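Please consider the sequence and structure shown below. The explanation that follows leads through them step by step.

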Amino acid sequence: MKTQYKIALFLIVANTLILIVFGGSVYYFLYNYSYTDFYKRLATRASITAKYNFDTDNKNAESIKIIREQHLEKLSNEKEHISLINSFNDLKTFAEKSALPLNFIKEIYTNGKGNLQIGNTFYSGTKYKAGTNVYMVIISAENYYATHHLALLKNIILVGLFFIIFITISLSFYFSKHIFDPIRNITYKVKKISTDNIHLRLEENEKDNEISQLILTFNNLFNRLETAFETQKNFISNASHEFGTPLTSIIGEADVALMKERSPAEYQETLHSILSQAERLNQISQSLLFLAQTGYRENRLNFEILRTDEIIWQAKEIIDKLIPKNKIQIDFSLLPENPFKLKVSGNKQLLTLAFVNVLTNACKYSNNKNVLVSIASSNHQVIIEIKDQGIGIPASELQFIYDPFFRASNTHQFEGYGIGLPLTRNIIKIHNGLLLVSSEVNKGTTVQIKIPLIQYSEMKF
Amino acid sequence: MAKTILIPVDFTPESLNTLKLALKENSISGVNVILMYSEYLTDSITDLLFYSADRIIESHITPDFEETISILKNRYETDIKTIKIELFHGYNINSFKNFIEAKRIDAIYIPKKYTLKLKKNGFDPIPFIKKSGLPVQEMEWVSNFFNS
């Protein structure tokens, strides 16, 4: 069932129920009221009749009779039954004379009053004492109001109900059909956007409602998709460029060498140059492979319990071999007293590689100025901050630093091919950590790496 | 005997540098740290009716600040007994003296060059601290919380 029909059906059922309850209760309460009210009117008439018939004060009785005739409207089919009751036999004869059930007469005699309905005729009786005599007055009449007015009311309510239900149904269908117009519109437009025209966007309207939020969400999604597409395109062009340069130089060298006979020394030189280019190629392809491998989370990595400070020392040892002139200082002033607060679960090779990458960058882009590494640990994570005084990264390019092969515009004089940072980020991601880079051009870059600790409770054996 | 020291803070990790240096330079074992933030009390009666110090602190505190406190707690695990954040609402020097007496503070450490970054309604307690008559040490530091 379409959502549209669901909404329509819900609206119709809900409205009809409300209407029926409303109309029904109006009818019910009025019906009840008309009966009690009618009995009251009959009772009043009975007591008045008793008064002017049996009152000892004749003058008074006469005036009451006049008032009654002038002011109390005659009810339809109104009849009076009056009788003097002196003994039980009188009750019987009265019942026979007025053709009323004996029980009703008895009830009036014992209770002083009573009500009865036979068909459309209503009876109300009262007992009246005048001196030593006991009289009984019963007034009967037909309830014109109940039979006619209530029937009319019933008709009005029923006809109204049908009209309103008809209007509700048509409104519900109209409403449910058109409330989804904007959404259908969006579906239609989004369907038109494919990989070929991903630059297209939905029209954003000014209103701040759910629909415009949906449109905004879609547009943001498209923005991210477009960026991802761009990155992929850039990646391919960058990768072919990176692979192409050494290949061109290999081909060129070989071509030149083969043009004529050369001395062995010249061949050797050519071969050396070719070898170094091939090594570079090899390095790039290996690191690319590594990047691809770390990009998947679900690969079989050996995770063990590691001490972060040890990993940093190891990374430093590796850097000492690679860049002997480095000036890395490790600051332990915030090292926690409790060694458990340094333990993380991770893969040793990968984490070391990540730190080596960051540290190499810090040394390389600062021409071996001071690099300060500090380790601290909160209750949930180890925080390693690596601060250099290098050339920094322009603020506008910070968002691209994790794209493979991306190199900031101010790095031309440094060697590298832009795989280190994406690789580091992949590694930190595998360890559920965070990599934060903040930088200021010509002042330096600060890299913060946060890796979650092994929770203490898990380590208590 | 355990000492109680007071550090004025502004809920930035930088302001905790004072505490870091204080702990570094005076290796005192068993210290109770009170981090004090000073703020004028609100004038609104309804706000005062529902006053809660915890709620005010909660509205100011940042995850970074909490993390920095936990770093310091881990670093000086044996030295620090407790770290508490307290609000000071006083207007004059006497109320500050009362505050010090009530909290049984033995020493105060303040930053030498750093000026506290005040939020709305906050005020700088350093003038009160200097006139309080307690031993006050000025700590000099320049950079951010790490690498100093």
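This is a predicted model: local features need pLDDT of at least 70, side-chain atom pairs count only at pLDDT 80 or more; totals for chains, interfaces and linings use all residues.

Residues are numbered from 1 along each chain as its sequence is written, while chains are lettered from A and ligands numbered from 1 in the order in which they are written.

Chain A holds an open sheet of 4 strands in the order S1-S4-S3-S2, with antiparallel pairing. Strands are DSSP runs of E with at least two residues, helices are runs of H or I with at least four, and both are numbered from the N terminus; two strands pair if DSSP finds at least two bridges between them. Strands S1 (79-85) and S2 (113-118) of chain A form the edges, each pairing on one side only. Strand S3 (residues 121-130) of chain A joins strand S4 (residues 133-142) of chain A through 10 antiparallel bridges, and A:Lys129 stands opposite A:Val134 in S4(A).

In chain B, strand S1 (residues 3-8) and strand S4 (residues 107-111) pair in the parallel sense over 2 bridges, with B:Leu6 opposite B:Ile108. S4(B) also pairs in the parallel sense with strand S5 (residues 136-139) of chain B, over 4 bridges; there, B:Gln137 is the bridge partner of B:Tyr109.

The contact between the chains takes 16 residues from chain A and 10 residues from chain B, where residues are in contact if their C-beta atoms, placed from the backbone, lie within 7 Å. Helix H4 (residues 63-75) of chain B gives the largest share of chain B's side, 5 residues.

Note on methods. Two residues are in contact if their C-beta atoms, placed from the backbone, lie within 7 Å.
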